[in-house]
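Reader: I would like to learn how to read pockets and salt bridges in a model. Please take them one at a time.

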Amino acid sequence: MARGTMSEDVQAQIKQLILQGGLVPGDPLPTEAELVGLLDVSRNSVREALKALQAMRIVEIRHGFGTYVGPLTLEPFVEGVAFRAAVRHHQGEPSLYELMEVREALEAGLIGAVARDLPAEDLTVLKGLVQRMAEEARGGMVQSATDRAFHLALYRSLGNHLLSEVLDAFWAALSRVREDLSDGRPDPEVTHRQHKEIVDALEAGDGDRAVEAIHRHFDGIRRRLAE
């Protein structure tokens, strides 16, 4: 069996052990020596497989303590998408626009459902974040952490954890590549106003208005990218 194929086969077997054992992030895996015996493969094959799975956040190797089920985050996806966009941007392709358009399509397609049934506690959280943006805008810059928290809270009521992770992954990827490419900072007052418009539409239960507010928000990003 070819070396690459052997590593992939061992990775698949380790993932199967996690599934069959009902293991969750933080649970310990068999030791390296135990995996060698269980899978009937060489120590090198196990080590290569574990390193590959660690890069995918499926396992976490804690030197001196053992190997555990990893956090299973989308961080590798974020890194890959952000780097792809940066490389293609340098090649003259509209990769930032494409990344932004995917995120815009997701958010605009979901905001109507949020407007129809937004829990009062989520509205309170969003209003609080808009107020924080107003305070930060007066200081000269809306913090990226505040913007990220807003967009996470925006779709929480849909109750879809994978969807929340995917939306956050696209937020993180676009933010990261724009930082790497030294994209200009947005006007903080405009950022605050655009997010307040979204919350005002949600409070009114007006889905169409919320969709329009989302598109206006992304129009601002579009203009900055064009500059």
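Author: What follows goes through the pockets and then the salt bridges of this predicted model.

Reader: Which elements give two or more residues to the lining of the largest pocket?

Author: Four helices are to be named: H7 (144-154), H8 (161-180), H9 (188-203) and H10 (207-226). The most comes from H8, with 5 residues.

Reader: How do the residues of that lining divide into nonpolar, polar and charged?

Author: There are 7 nonpolar, 9 polar and 7 charged residues in the lining of the largest pocket.

Reader: What is the volume of the second largest pocket, and which residues lie nearest its centre?

Author: The volume is about 210 Å³. Of the 13 residues that line the second largest pocket, Glu32, Leu50, Ile61, His63 and Thr67 lie nearest the centre. Helix H3 (43-55), strand S1 (59-62) and strand S2 (66-69) each give two or more residues to this lining, and H3 gives the most, with 3. By class, the lining holds 4 nonpolar, 5 polar and 4 charged residues.

Reader: Now the salt bridges. What is the criterion, and how many salt bridges are counted?

Author: A side-chain nitrogen of Lys or Arg has to lie within 4 Å of a carboxyl oxygen of Asp or Glu. By this rule the count is 11 salt bridges.

Reader: Which residue forms a salt bridge with Arg88, and how far apart are the closest N and O atoms?

Author: The partner of Arg88 is Glu93, with the closest N and O atoms 3.9 Å apart. That pair counts because the cut-off is 4 Å. Arg62 likewise forms a salt bridge with Glu60, at 3.6 Å between the closest N and O atoms.

Reader: Where do Arg222 and Asp219 lie?

Author: Both are in helix H10, 3 residues apart, which is about one turn of the helix.

Reader: Which residues are linked in a network of salt bridges?

Author: Glu32, Arg43 and Arg47 form such a network.

Conventions. Residues are numbered from 1 along each chain as its sequence is written. This is a predicted model: local features need pLDDT of at least 70, side-chain atom pairs count only at pLDDT 80 or more; totals for chains, interfaces and linings use all residues. Side-chain values use heavy atoms; hydrogens and water are left out. Ala, Val, Leu, Ile, Met, Phe, Trp, Tyr, Cys and Pro count as nonpolar, Asp, Glu, Lys and Arg as charged, and the others, Gly among them, as polar. On a 1 Å grid over the protein atoms alone, a cavity is a set of points where a 1.4 Å probe fits but cannot get out, and a pocket is an open set with protein on both sides within 12 Å along at least five of seven lines; lining residues have an atom within 4 Å of a point. Grid points are joined across faces, edges and corners, and a volume is the space filled by probe spheres set on the points.
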